[in-house]
Amino acid sequence: MGVEFLKGHGTENDFVVLPDPDGVLDLTESRVRALCDRQRGLGADGVLRVVRPDFGPWFMDYRNADGSIAEMCGNGVRVFARYLVEAELVPAGEFTIGTRAGERHVITHSDGTVTVDMGRAQVTGTGTATVDGRAFSGVAVDVGNPHLGCVTDVPVAELDLHVPPGHDPVLFPHGVNVEFVNVLGDGALRMRVHERGVGETRSCGTGTVAAVASWLYGTGRRVGKATVDVLGGQVSVVIEEETATLTGPAVLLARGELDQAWWDAL
Ligand SMILES: N[C@@H](CCC[C@H](N)C(=O)O)C(=O)O
């Protein structure tokens with residue numbers, strides 16, 4: 001019997017889901033990198049290991065495609081919630097998921113979308129990102145993980161995000177996810193993102209929260225809401241004083257078994 005997996009995505013930010021209720025899988029960096037590799041593995045932006053702790057809610061052990069660990073993943077937590085419901089590990093509706101950034105309350109909806117209470121989107125300063133020698137002013141936002149949200153008039157479609165944008169390592173000693181944001185109208189944003197530990201992705205849930213918080217900050221507001229168009233679809237974000245919510249789709253599209261010999265050789 002090989003290692004069970006599922007494949008899913010949230011606005012095309014895609015994940016390999018590894019059910020591991022008893023926490024017995026040895027999920028090494030090299031295994032994560034191989035799973036996420038789009039040529040020699042299944043291909044994904046990250047891995048969601050599903051663990052049942054002795055106490056507390058189901059825990060999302062999230063890994064970036066390069067094998068690094070991150071605190072939180074907003075698209076991943078929606079896919080994780082969808083998996084828990086489809087596997088009948090929790091009833092549909094409202095429940096809590098453990099993450100490294102703390103517990104996240106989720107609501108699953110019958111149309112396939114999931115709403116996540118993302119906790120407080122905390123503005124921690126300002127900084128600059130550089131792309132192709134061009135500087136973009138940004139707002140540093142902590143959504144459990146670090147972000148730099150750069151609202152710009154430069155059409156985001158023009159940016160070359162094949163290489164990581166430059167950033168200030170003093171402001172972000174553990175790296176950063178960088179969002180480039182165009183304002184389409186009041187409450188309507190477009191975003192592209194370069195994720196720490198992954199590269200450019202078609203969406204980043206925590207990044208969309210940071211994008212909306214950055215846009216609000218730039219307009220002198222602390223609360224508000226917006227839709228965010230990403231390469232892989234659209235999500236909705238509401239920012240309140242003490243918390244933020246993210247609503248978007250969560251899709252599971254395949255399940256299967258990894259070849260045990262392939263896994264063991266990694
Ligand atoms: N795609 C995720 C964010 C994943 C973690 C990020 N790359 C980091 O290192 O902080 C999301 O949907 O939020």
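# Strands, helices and the ligand shell

User: Which residue is the bridge partner of phenylalanine 95 in S6?
Analyst: Valine 106 of S6 pairs with phenylalanine 95. Strand and helix labels are DSSP runs numbered from the N terminus, with helices being H or I of at least four residues and strands E of at least two.

User: What am I looking at, and how are residues numbered?
Analyst: The model is predicted: local features need pLDDT of at least 70 and side-chain atom pairs count only at pLDDT 80 or more, while totals for chains, interfaces and linings use all residues. Numbering starts from 1 along each chain as its sequence is written.

User: Back to S6. Parallel or antiparallel with S5, and over how many bridges?
Analyst: S5 and S6 (residues 102-108) are antiparallel, with 6 bridges. Two strands pair if DSSP finds at least two bridges between them. The hairpin from S5 to S6 passes through 2 residues.

User: What does S6 do on the S7 side?
Analyst: S6 pairs antiparallel with S7 (residues 113-119) over 3 bridges. Threonine 108 sits opposite valine 114 there. That hairpin has 4 residues between the strands, and glycine 112 in it takes a positive phi near 95°.

User: Which way do side chains point in a strand?
Analyst: In a regular strand, side chains alternate between the two faces of the sheet.

User: OK, the ligand. How many residues surround it, and which are closest?
Analyst: The shell has 19 residues, and the closest are Ala70, Asn75, Asn145, Gly205 and Thr206. A residue is near a molecule or strand if its C-beta atom, placed from the backbone, lies within 6 Å of it.

User: How does the shell divide into nonpolar, polar and charged?
Analyst: There are 13 polar residues, 4 nonpolar and 2 charged. Ala, Val, Leu, Ile, Met, Phe, Trp, Tyr, Cys and Pro count as nonpolar, Asp, Glu, Lys and Arg as charged, and the others, Gly among them, as polar.

User: Which domains does the shell draw on?
Analyst: Domain 1 (3-118 + 250-265) and domain 2 (122-241) each give at least three residues to the shell. The bounds come from an automatic or database domain assignment.

User: And which helices supply it?
Analyst: H2 (74-86) and H3 (205-218) each contribute at least two residues of the shell.

User: Why is H2 called largely enclosed?
Analyst: Because 11 of its 13 residues are buried. Buried means 20 or more other C-beta atoms within 10 Å of the residue's own, exposed means 12 or fewer, and partly exposed is in between, with C-beta atoms placed from the backbone. Asn75 and Arg78 are among the buried residues of H2.

User: Is glutamate 88 buried or exposed, and why?
Analyst: Glutamate 88 counts as exposed, because it has 8 C-beta neighbours inside 10 Å. It lies in the loop between H2 and S5 (94-99).

User: Which threonine has a positive phi?
Analyst: Threonine 11, at about 45°, although it is not a glycine. It is in the loop between S1 (3-10) and S2, and it is buried because 26 other C-beta atoms lie within 10 Å.

User: What does S2 pair with?
Analyst: S2 (residues 13-19) runs parallel to S3 (residues 46-51), with 5 bridges; phenylalanine 15 stands opposite glycine 46 in S3. S3 in turn is joined antiparallel to S4 (residues 59-64) by 6 bridges, and valine 50 has methionine 60 of S4 as its bridge partner.

User: Last one: where is proline 169?
Analyst: Proline 169 is in the loop between S10 and S11. It is exposed, because it has 10 other C-beta atoms within 10 Å.
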